[in-house]
Amino acid sequence: MSLKQQQIDFYKSNGYLVVKDVVDPATLGRLRATIDEFVERSKQVAESDDVFDVAPGHSAASPKLRRIKQPTQQHPEFDALMRSPAVVDIVAYLLGGTVRIEHSKLNFKPPGGGAKIEWHQDWAFYPHTNDDLLAVGVMVEDCTPENGPLNVLAGTHRGPLYDHHDQGVFAGGIRPDALGDATDQAVELTAPAGSISIHHVRTLHASGENTSTSTRPLLLFAYAAVDAFPVFKTYDFDEFNSRILRGEPTVTARITDVPVRVPHPWPEGEGSIFDNQAKLSAAAA
Ligand SMILES: O=C(O)CCC(=O)C(=O)O
């Protein structure tokens with residue numbers, strides 16, 4: 001799918017974009033069936049593991065699934081969509097032509113609550129030599145004002161990098177009092193199933209509770225330009241290059257004037273964004 005110049009300009013000045021009708025109904029049907037299988041499987045685990053992030057108290061009788069980790073590595077259906085021209089063509093327009101897979105995740109917000117996500121910038125988790133990185137949110141179900149859609153603050157991709165540490169440890173979120181009334185300007189990214197949202201890696205974003213009666217799944221695909229190299233993180237170089245979808249491997253990093261703080265020291269344990277942010281909220285309360 002191609003993007004109009006107006007959509008590219010909108011993304012460049014606002015740091016986010018919503019595009020409708022990207023994922024066709026047949027693919028959506030298969031995604032939903034695959035997700036249902038994982039939700040069933042998650043009922044068998046007692047605590048978070050390599051595949052599932054579950055909240056404390058999770059059980060088959062009272063499931064509290066928060067995330068499927070790296071879904072593209074768990075099932076070909078997710079992997080095919082992350083590599084599909086329908087999505088990657090759009091990403092290539094916004095990243096300047098080259099595309100490398102960064103990572104994927106599938107977040108759940110169950111009805112009547114669901115884990116709230118505090119304001120944060122993805123850049124705080126994985127700074128690179130330049131900020132040509134973004135995340136695509138695939139709306140597997142409708143995203144409505146009631147079911148905890150992604151909220152963004154327009155234009156913040158060009159602003160400061162906020163402190164995501166709390167008491168000297170990386171906390172994965174910004175203290176709720178740090179943004180003041182700026183969050184009054186939040187834009188809700190709502191759209192029908194099959195749409196995608198796109199947010200720049202430095203755009204401030206968050207999401208609230210799900211007050212609806214059905215689960216909100218959000219499949220997130222993060223991509224980087226090929227010449228954006230991670231800061232203070234090592235990879236197996238062949239594996240790193242094997243994730244290139246557009247462009248050629250390079251050893252030349254493009255370095256631009258970007259603010260960088262490294263996400264260290266990393267908190268003890270799983271490092272789940274949900275648990276870390278919960279500690280942050282408790283500290284700020
Ligand atoms: O699932 C959501 O609503 C937000 C997810 C998010 O921002 C994240 O996982 O980094």
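Analyst: The model is predicted. The strand in question is E11, which covers residues 196-200. E11 is mostly covered, as 5 of its 5 residues are buried. In this classification, a residue counts as buried if 20 or more other C-beta atoms lie within 10 Å of its own.

The burial can be followed face by face. In a regular strand, side chains alternate between the two faces of the sheet. On one side of E11 lie Ile196, Ile198 and His200, and on the other lie Ser197 and His199; both faces are covered, with these residues all buried.

E11 also has strand partners. Strand E1, residues 16-19, runs antiparallel to E11 and is joined to it by 4 bridges. Strand E6, residues 133-139, is likewise antiparallel to E11, with 5 bridges joining the two.

As for the setting, the protein contains 7 helices and 14 strands. Buried residues make up 40% of its 285 residues. The C-alpha trace spans about 50 × 45 × 40 Å along the principal axes. Among contacts between residues at least 6 apart in sequence, 85% join residues at least 24 apart.

Note on methods: Residues numbered from 1 in each chain as written. Predicted model: local features only at pLDDT ≥ 70, side-chain atom pairs only at ≥ 80, totals over all residues. Buried ≥ 20, exposed ≤ 12 C-beta atoms within 10 Å, placed from the backbone. Pairing = 2+ DSSP bridges. Contact = placed C-beta atoms within 7 Å.
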